[in-house]
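Subject: Structure handover and findings

Hello,

Please find the structure below.

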Amino acid sequence: MTDLVSMSLMARAEALMPGGVNSPVRAFAAVGGGPVFILRGRGARIVGADGTEYLDYVGSWGPAILGHAHPAVVEAVQRAAADGLSFGAPTALEVEIAELLQERYPSLEMLRCVSSGTEATMSALRVARGFTGRDAIVKFEGAYHGHADPLLVRAGSGSATFGVPDSAGVPLGMVAATATIPYNDVAALRNLFAREGQRIAAVIVEPVAGNMGVVPPAPGFLAAIVESCRKHGALSIFDEVMTGSRVGLGGAQGLFGITPDLTCLGKVIGGGLPLAVYGGRRDVMSRVAPLGPVYQAGTLAGNPVAVSAGLATLRALDQEAYAVLEARGAALQEGLTRALRDHRTVGTVQRVGSMLTLFFSAGPIRSWTDAEGADRGRFASFHQALLARGVYWPPSQFEAAFISVAHSTDDIALTIAAANEALRG
Ligand SMILES: *Cc1c(COP(=O)(O)O)cnc(C)c1O
């Protein structure tokens, strides 16, 4: 299926890089056929190594919310680069992005820039543990928070269990204090707090799950997390690395009107360059070095080129942009849902704003247990059929598709037509 140029590049890549890639999902292992190597992108489209054009629904896994090579972002990056790439000293740009983020996320009373989502969640956990003096953390099954040791746990099903690592190379001790409970399960959360409340430093949650496919929070779920934490002296951490500046101007916390203690941002806020942020309550963030005893640092943190890309991206995103994203998302969801029905295919399309997943399962999908039941074989053939028709869909059943403001109504119509053909088989 994949073009010959990409196949030959993959052969060279596999000789030197594990799986031929620098991040596992890029290898297309879940859908087969081998990855397309990308030459360039512009707007909603990317061009593969042999010159084939694709309509892109990966968008660098979220950051490309304005489409690829947006002129304002490219210009900001070029201007910043010409003035020097990195100083390891403060710049005005960092103050500007901190002020802009604080305006959009009032919960960010203080914040710190880092270079990846993984760093943001890892650091947020450290400061939560440092602030509370407690060790245990709670995450939800099927949620991904980057690849830091204590978060690489999915653990058992159903009842709360303290963790077993998901990855080789993670010592048991690193995850022994990580409890995992089902997403959207308020009863499990309350039970866990009733039993272990005094040990829990933090609960970390994707306020809209995106890493098991898109799973919206059930009404009351996020509020229950924030309340349980407050009641037991633990901290709530919203991992908005995916949802931040994606589901709305102020992320999921703005969309749902819920204020967490700490927040992690990444992806969109860097506009395609390595930039992430963690922050929140002033009393908590005041524990971070050099103000406090929680150590965290970064040679390239707040890098002027990355911050410039982020600022240009955030400034181009206004309420009107989110209205466009919502309209395109709704149209795609409706078209795909109709296509499933017309072709008598068992499936459900779940969406929040411009992030969306077509699950080959009757649904609704509320948790990892539900998501796991989806038909991965059916997804793989759907993915291949879309690719053959010029639609580059995320290469896993358990990933979100991302729409950008560069996706036109014609692009959405084209995608729905391709999906109809793909489902016809
Ligand atoms: C992508 C993602 C991360 C990890 O971010 P990286 O920049 O890949 O390290 C963490 N949390 C969530 C919710 C994510 O979607």
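This is a predicted model: local features need pLDDT of at least 70, side-chain atom pairs count only at pLDDT 80 or more; totals for chains, interfaces and linings use all residues.

Residues are numbered from 1 along each chain as its sequence is written, and side-chain values use heavy atoms, with hydrogens and water left out.

**Sheet**

Three strands make an open sheet in the order β12-β13-β15, with antiparallel pairing. Helices (H or I, at least four residues) and strands (E, at least two) are DSSP runs, numbered from the N terminus. Two strands pair if DSSP finds at least two bridges between them. The edges are β12 (348-352) and β15 (401-402), each pairing on one side only. Two antiparallel bridges link β13 (residues 355-359) to β15. Met-355 sits opposite Phe-402 of β15. Helix α11 (residues 319-342) packs on this sheet and touches β12 and β13. Contact means heavy atoms within 4.5 Å. The direction of α11 makes about 175 degrees with that of β12. Axes are lines fitted to C-alpha atoms, for helices over the stretch in contact, and angles run from 0 to 180 degrees between N-to-C directions.

**Aromatic pairs**

Rings of Phe, Tyr and Trp (its six-membered ring) pair if their centres lie within 6.5 Å; planes under 30 degrees apart are stacked, over 60 edge-to-face, and the rest tilted. Tyr-57 and Trp-393 are a tilted pair, 5.2 Å centre to centre with 50 degrees between the planes. Tyr-57 lies in the loop between β3 (53-56) and α2 (71-82), and Trp-393 in the loop between β14 (391-392) and β15, so the pair ties together parts 336 residues apart in sequence. Tyr-57 is buried at 0% relative accessibility. Trp-393 is buried too, at 4% relative accessible area. Buried means under 20% relative accessible area, exposed over 50%, partly exposed in between (1.4 Å probe, protein chains only).

Phe-360 and Phe-382 have ring centres 5.4 Å apart and planes at 70 degrees, so this pair is edge-to-face. Both Phe-360 and Phe-382 are buried. Phe-28, Tyr-54 and Tyr-392 form one aromatic cluster.

Leaving aside neighbours within four places in sequence, the contacts of Trp-393 include Leu-332, Leu-356, Phe-382 and Ala-401.

**Parallel strands**

β5 (residues 136-140) and β7 run parallel, joined by four bridges. Lys-139 has Thr-180 as its bridge partner in β7. In β7 (residues 178-181), Thr-178 and Thr-180 point one way, Ala-179 and Ile-181 the other, and all are buried.

**Pocket and cavity**

The second largest pocket has a volume of about 510 Å³. It is lined by 21 residues, and the closest to its centre are Pro-90, Glu-94, Arg-112, Ala-301 and Gly-302. On a 1 Å grid over the protein atoms alone, a cavity is a set of points where a 1.4 Å probe fits but cannot get out; a pocket is an open set with protein on both sides within 12 Å along at least five of seven lines; lining residues have an atom within 4 Å of a point. Grid points are joined across faces, edges and corners, and a volume is the space filled by probe spheres set on the points.

There is one cavity of 30 Å³ or more. The largest cavity holds about 60 Å³ of space.

Best wishes
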